[in-house]
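My entries follow the structure.

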Amino acid sequence: MKLIHSPTQLADIVRQGGVIAYPTEAVWGLGCDPFNESAVKKILSLKSRAIEKGLILVAGNAAQLAPWTETLTTEAAERLISKTAIPTSWVVPDTQITPPWVRGQHASVAIRLSQHAPVQALCAAFNGTLVSTSANPAGLDPAMSKEEVIAYFGDGIDAIYDAPLGGNSQPSQVKDLLSDTLFRA
């Protein structure tokens, strides 16, 4: 496993089916191409996470959310692409865009528009959304450093994005896009 500074190099690894660790707004995350079933299943295996639970996606800019915003009302689409004071992953109705190995048992997917520069750079280099799930095996706390990522996953991941965490103290809140119901604070 390599420490890599370049979002372009990391995006190439993701395009080749790799799994990476990267800093999010508050904790370290694991990511891959959400449309690559074997990469997603590798993340699920690393985390000992049931596929039925589903995973969050992250985007770096509003254009990357177009497949979802095009299916929404104007008001809902604007909420999905709005900047929020607290990082927010919105649960969006979806049975046609996101693969079932990402959605799990749900007819929806959680998507976050990140305001964290390293995530934005990574999504820009990949030119799309990425899986964004906390870097930890089930039942353990999310990794807060590259060293913790290595301790949890070692060579099970292909690369670590050598960039700083954001300044938030909590992972993203999760809210329903249509009802504004809070699922995770």
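Predicted model: local features only at pLDDT ≥ 70, side-chain atom pairs only at ≥ 80, totals over all residues.

These entries cover the pocket, then the helix contact.

I looked up the largest pocket and read a volume of about 720 Å³. Its lining has 34 residues. Which of them are the closest to its centre? I listed Arg-49, Gly-54, Ile-56, Val-174 and Arg-184.

Next I sorted the lining by class. I found 14 nonpolar, 13 polar and seven charged residues.

Then I turned to secondary structure. Helix H5 (100-103) supplies at least two lining residues, and each of the strands S6 (108-113), S8 (133-134) and S11 (182-184) does too. Which element gives the most to this lining? I wrote down S6, with four residues.

**Entry: the helix pair**

I moved to helix H1 (residues 7-15) and helix H6 (residues 117-126). Their axes come within 8 Å. They cross at roughly 55°. Why did I log H1 as oblique to H6? The angle of roughly 55° lies between the limits of 35 and 65 degrees, so H1 counts as oblique to H6. I also recorded the handedness: the crossing of H1 and H6 is right-handed.

Which residues make the contact? From H1 I listed Pro-7, Thr-8, Leu-10, Ala-11, Val-14 and Arg-15. From H6 I listed Ala-121, Leu-122, Ala-125 and Phe-126. I then sorted the contact of H1 with H6 by class: eight residues are nonpolar, one is polar and one is charged.

Technical notes. Residues numbered from 1 in each chain as written. Heavy atoms only, no water. 1 Å grid on protein atoms, 1.4 Å probe; cavity = no way out; pocket = protein on both sides within 12 Å on 5 of 7 lines; lining within 4 Å. Points joined across faces, edges and corners; volume = space filled by probe spheres on them. Nonpolar A, V, L, I, M, F, W, Y, C, P; charged D, E, K, R; others polar. Axes fitted to C-alpha atoms, helices over the stretch in contact; angles between N-to-C directions. Parallel < 35°, antiparallel > 145°, perpendicular 65-115°, else oblique. Left-handed = near helix turned anticlockwise from the far one by under 90°. Contact = heavy atoms within 4.5 Å.
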